[in-house]
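Here are my notes for a colleague opening this entry. Please read them with the structure in view.

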Amino acid sequence: MAIRKICGVETEYGIFGTGAESNPVAASSLLVNAYASEVDRRIGWDFEDETPGNDARGFAREGAMPPMVETHLANTVLTNGARYYVDHAHPEYSTPECADPLEAVLHDKAGEEVLRRSMRAALNYPGNPTVVVYKNNSDGKGNSYGCHENYLMDRNVAFTKVVTGIVPHFVTRAIYTGAGKVGTETASFGGERLDFQLTQRVEFFEELVGLETTLKRPIVNTRDEPHADPKRFRRLHVIVGDANLSEVATFLKVGTTALVLAMIEDDALPARELSLDDPVRAMHQVSADRSLTRPLPVVDGTTITALELQWELFTAARRYAKEHGLEALGAESVGEMVLDRWEGVLHGLETDPTSLVHQLDWVAKLHLLEGYRERHGCAWDDSRLAAVDLQYHDLRPERSLFARLSMERLVDDADVALAVTEPPLGTRAWFRGKCLARWPEAVVTANWDSLVFDLGSDPLRRVPMMDPLKGTAEHTASLLDACAGPADLLDRLSS
């Protein structure tokens with residue numbers, strides 16, 4: 001039986017600063033430090049368990065370059081259980097572990113609010129530095145930054161089986177998860193310059209499977225850091241997606257992927273052969289095809305469109321729900337919502353994509369661009385269109401084009417504001433966040449699977465949290481309420 005798909009989203013934000021903050025590392029550090037100072041939280045990250053070079057295949061290709069662990073850059077852990085830090089030259093917000101796809105949407109939106117508050121906090125520094133943040137995936141100059149997803153999986157499922165099962169989904173889900181982009185930045189399309197493509201991120205991918213995340217990006221990333229009991233769990237680290245502003249797109253991105261992974265664990269994928277002949281090329285073709293009609297070669301000699309392949313996966317998912325249930329996605333109602341939304345979006349894409357203008361990023365952005373072109377009579381290579389594209393992703397409320405649209409909401413502002421400070425109830429993020437909120441002076445460092453306490457005497461005390469479904473409000477709220485302080489908590493845990 002498939003295990004619960006505890007999930008999370010890590011977003012690297014585009015950044016622009018002026019003056020001394022024109023250096024992106026300095027600007028990103030300013031944002032993180034300004035926010036941490038404003039909320040009076042400076043809990044450091046514990047890097048002891050960071051092993052980015054571990055490969056799920058048991059080996060890495062010669063010359064592979066896993067991400068560097070940069071321990072010297074700004075880094076903090078928040079009371080909602082999230083991590084907020086500088087990753088290379090970008091501010092990155094990693095949501096806490098979420099119990100279902102809808103909760104992931106909520107905490108992804110909370111991350112946007114943290115970045116907005118950070119921009120305002122930075123203005124209080126000497127010189128009133130202006131730092132602008134964009135939730136997008138490329139700078140228009142050939143540099144891409146990621147929006148990663150994470151899913152808890154059963155370690156007993158062979159990684160080769162995961163790869164075979166998930167690749168067709170990753171290649172084709174862009175028809176509803178893409179954020180849309182004017183033009184191209186790489187040679188992925190054989191020298192052809194596209195007017196508009198469905199995704200921001202896809203053209204930067206070059207391999208099927210691999211360890212890297214910044215060079216020779218693979219469709220399936222093999223980084224093997226479960227941040228949990230490695231004998232029981234695997235964490236699938238997904239780097240192929242766009243950063244979405246649309247809540248519906250984020251919900252479908254996480255929800256459909258979690259469901260397909262559950263189907264892989266339970267051997268419930270479609271009987272039809274869906275393995276694509278050249279997945280990397282096919283993924284580029286999907287991004288280039290806003291008509292959604294381009295046939296993709298399958299290994300058995302047939303062809304299939306991205307939309308047809310998604311219908312195959314959806315039909316199998318409906319059958320899976322009847323035979324296995326949807327417990328792997330958390331609440332049954334959330335699983336049913338994933339299926340209903342998936343079906344509705346596929347139907348809309350099949351009959352009239354413009355009907356999804358209030359649901360999907362790429363459709364909404366294309367509508368904006370077409371309207372601008374019609375009003376101003378400009379060609380696709382007009383620099384003003386690239387500016388409109390970028391402004392869609394601007395997180396400043398007064399500048400954001402996305403904020404002016406009537407996009408459908410799945411979570412409300414009051415819940416988002418609460419999620420900025422409060423952790424999810426149903427994962428170990430609850431225990432992490434509540435300990436940080438109650439005893440920040442006693443917590444030295446934190447990471448996903450442990451907390452380190454300093455009680456004023458040697459040695460430091462580490463509290464392991466190796467199961468993402470332990471440390472929930474149900475498991476620990478009464479314990480925390482009964483404790484007089486961190487020493488009492490550690491004594492009770494030891495006994």
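1. Start with helix H3 (residues 159-172) and helix H7 (residues 306-324). In this predicted model, the two pack with their axes 9 Å apart, at an angle of about 135 degrees. H3 and H7 are therefore oblique to each other. The crossing of H3 past H7 is left-handed.

2. Next, the residues at this contact. H3 contributes Pro168, His169 and Thr172. From H7 come Ala306, Leu309, Gln310 and Leu313. Sorted by class, the contact of H3 with H7 has four nonpolar residues, three polar ones and no charged ones.

3. Now the rings. There are seven aromatic pairs in the structure. One of them joins Tyr392 and Phe402. How are these two rings placed? The pair is edge-to-face, with 5.6 Å centre to centre and 75 degrees between the planes. Planes over 60 degrees apart count as edge-to-face.

4. Where do the two partners sit in the chain? Tyr392 belongs to helix H10 (residues 383-392), and Phe402 to the loop between H10 and helix H11 (413-419), so their pairing ties together parts that are ten residues apart in sequence.

5. Tyr392 has 0% relative accessibility, so Tyr392 counts as buried. Phe402 has 14% and therefore also counts as buried.

6. One further item on rings: look at Tyr35, Tyr84 and Tyr93. These three residues form one aromatic cluster.

How values were computed
Residues numbered from 1 in each chain as written. Predicted model: local features only at pLDDT ≥ 70, side-chain atom pairs only at ≥ 80, totals over all residues. Heavy atoms only, no water. Axes fitted to C-alpha atoms, helices over the stretch in contact; angles between N-to-C directions. Helix = DSSP H or I, 4+ residues; strand = E, 2+ residues; numbered from the N terminus. Parallel < 35°, antiparallel > 145°, perpendicular 65-115°, else oblique. Left-handed = near helix turned anticlockwise from the far one by under 90°. Contact = heavy atoms within 4.5 Å. Nonpolar A, V, L, I, M, F, W, Y, C, P; charged D, E, K, R; others polar. Phe/Tyr/Trp six-rings, centres within 6.5 Å; stacked < 30°, edge-to-face > 60°. Buried < 20%, exposed > 50% of the residue type's maximum accessible area, 1.4 Å probe, protein only.
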